[in-house]
Amino acid sequence: MDLGVSPDIDAVWCYGFVSVLGAWVGARQIRGRLGGIKGIWFQRRAWFLFIAYTAVPIVLFWLLDRTGAVTDTSLFAAVLIGLGYERILSGQDDALRVPGPVSSFWTPFLAYADTVTRAVADQTARDQTRLDEELIATIAAKPERYAALEALALSRALDRPALQARLDQIAAGANPADEADARDRKTRLLYPLLLVIPDINDLMYRRGIITGWVYWVWARRVNRYSRSLGVVAILLAALVAGAWELYPSRNVVAETYYVWRLGKANSTELDRFRARLHLVWLMQDDPSVRTRATEDLARLVRRPDLAMDRVELALQLLLESREVPDGNTEVPKQLVQALRAGSVDVRDHVQQVLKSLAGLCKLPADDALWQWKPAEDEATGQLETRIQQWEAYWNGKTC
Amino acid sequence: MATNPGQAPQLDEAAKLVLQIILDNTIVRGANIMSLASISDPKVLLKAAKELAGQKLIEVNGELTEERVPLATFSTLPSRKFYLRELT
């Protein structure tokens with residue numbers, strides 16, 4: 001598939017698609033690998049495995065974007081990775097290839113799935129043994145319960161005389177003074193035979209062989225499920241509380257995100273355009289975000305590895321952010337600090353913008369500053385002097 | 001008895017049926033296998049389980065005795081499912 005024809009959408013949505021599809025595929029994997037286990041979603045380890053399965057496509061999407069194989073704004077890439085990450089990692093996908101070391105990560109991941117299965121199997125076996133022991137103890141504790149069990153077992157026995165003979169043998173060999181011991185041994189003989197009956201616990205409950213408490217708490221595991229549901233409810237409540245807490249600062253989160261998109265090395269033109277539109281809107285709409293974004297954009301301009309087209313974009317945005325009734329007084333202050341950028345080209349661009357800004361604000365020119373042209377071999381002391389001159393120039397001026 | 005490398009193990013029909021049920025259920029009790037496979041005699045399950053466990057095709061939790069085999073838990077590892085399906 002040619003991913004170049006894909007719609008280019010905001011990376012947030014792409015990561016969202018990858019997460020949702022990855023979770024869906026992860027749930028299918030769990031069902032496929034551990035699906036036969038009763039109450040598998042109440043097993044902690046199954047959730048660990050599910051989270052691991054969901055995280056893999058997200059990390060893969062990020063990694064392939066970093067390596068330039070896809071862009072994280074490509075809808076088709078998001079869908080392809082979300083649905084087919086297993087094929088991609090195992091090298092079976094023709095459209096996308098991962099670097100060798102990444103694909104070798106899949107083998108230990110499958111080994112981890114085996115480990116989880118083994119652990120879940122052990123846990124299930126332990127739970128079953130505990131349940132068996134509880135049921136046997138409950139039945140053997142009361143003669144009437146045992147009598148009902150014996151009647152049921154004999155009615156279902158393939159070879160009733162043989163079974164009766166074995167029960168008589170246990171009774172004959174038991175201490176007459178210890179009836180409970182004999183009942184326990186006979187219950188242990190009969191109980192496994194009855195397990196073959198489908199829904200045997202329901203049948204034993206209806207016939208009074210086990211109590212309602214044992215049936216609901218042990219056999220139906222209501223306590224365990226309610227405990228698990230309690231944990232889920234607490235996690236959901238924490239999620240809602242977190243969202244509630246973050247909601248007032250949503251503009252700050254959005255500002256941080258779009259500044260990152262603006263400076264991202266392999267973003268598409270459309271993505272940068274989107275980031276610009278959103279940042280302009282945020283800076284014009286919210287004064288506190290405007291100040292923060294101005295600082296972040298000036299800091300972005302100083303970033304050593306930033307391409308010149310991104311520097312231009314950030315500077316254009318800073319100028320554009322002034323187009324509100326009360327202006328953006330932070331722009332000159334932050335731009336002067338951007339003169340500390342390591343690249344002489346960036347310093348030159350910032351110098352030009354500072355002069356333009358003074359012109360836009362109808363401020364008088366300062367000959368010494370206006371004639372200064374940043375140079376590669378400029379001494380640190382000289383640069384610092386120019387920065388102080390610019391600071392002094394803007395001091396007390398409104399723009 | 002472990003299988004020689006590269007040689008597919010030969011299983012009798014009862015063992016194949018038991019293996020099929022374990023694969024379908026991932027983790028399953030002996031009693032449930034008997035119920036699903038309509039095996040009324042625990043000896044039949046015991047023989048099949050010993051055959052499968054002896055060739056290390058399944059994992060067993062519990063005792064493999066005539067009396068306790070309905071209580072034992074049988075499972076397979078996810079990474080072996082594809083291979084095991086070929087045997088059934």
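**Figure 1. Burial and overall form of chain A.** Of the 399 residues of chain A, 30% count as buried; a residue is buried if 20 or more other C-beta atoms, placed from the backbone, lie within 10 Å of its own, exposed if 12 or fewer do, and partly exposed in between. This is a predicted model, in which local features need pLDDT of at least 70 and side-chain atom pairs count only at pLDDT 80 or more, while totals for chains, interfaces and linings use all residues. Residues are numbered from 1 along each chain as its sequence is written, and chains are lettered from A and ligands numbered from 1 in the order in which they are written. Chain A has 19 helices and zero strands; helices (H or I, at least four residues) and strands (E, at least two) are DSSP runs, numbered from the N terminus. The radius of gyration of chain A, 36 Å, is well over the 21 Å that the globule rule gives for 399 residues, so chain A is more spread out than a compact globule. This radius is taken over C-alpha atoms, and the rule is 2.2 Å times the number of residues to the power 0.38. Along the principal axes, the C-alpha atoms of chain A fill a box of roughly 120 × 45 × 35 Å.

**Figure 2. Helices H12 and H13 of chain A.** The axes of H12(A) (residues 250-263) and H13(A) (residues 269-285) come within 9 Å and cross at roughly 145 degrees. Axes are lines fitted to C-alpha atoms, for helices over the stretch in contact, and angles run from 0 to 180 degrees between N-to-C directions. Residues are in contact if their C-beta atoms, placed from the backbone, lie within 7 Å. H12(A) contributes residues including Ala254(A), Tyr258(A) and Leu262(A), and H13(A) residues including Ala275(A), Leu279(A) and Leu282(A). By class, the contact has seven nonpolar, two polar and five charged residues. Here Ala, Val, Leu, Ile, Met, Phe, Trp, Tyr, Cys and Pro count as nonpolar, Asp, Glu, Lys and Arg as charged, and the others, Gly among them, as polar.

**Figure 3. The nonpolar cores.** A nonpolar core is a set of buried Ala, Val, Leu, Ile, Met, Phe, Trp, Tyr and Cys residues joined through C-beta atoms within 7 Å. The largest has 69 residues, and those with the most contacts inside it include Val18(A), Leu60(A), Val18(B) and Leu45(B). Another core, of 32 residues, lies apart from it and has Leu279(A) and Val346(A) among its members.

Figure 4. Chain B contains four helices and three strands, in the order α-β-α-α-β-β-α from the N terminus on. Its radius of gyration, 12 Å, agrees with the value near 12 Å for a compact globule of 88 residues. The C-alpha trace of chain B spans about 35 × 25 × 20 Å along its principal axes. Of the 88 residues of chain B, 42% count as buried. Lys50(B) lies in helix H3 (residues 42-54) of chain B and is partly exposed, with 14 other C-beta atoms within 10 Å.

**Figure 5. The contact between chains A and B.** Chain B gives 22 residues to the contact and chain A gives 23 residues. On chain B, helix H1 (13-25), strand E1 (27-29), helix H2 (30-36), strand E2 (59-61) and strand E3 (73-75) each supply at least two residues of the side that touches chain A. That side of chain B has eight nonpolar, nine polar and five charged residues.

Technical notes: Two residues are in contact if their C-beta atoms, placed from the backbone, lie within 7 Å.
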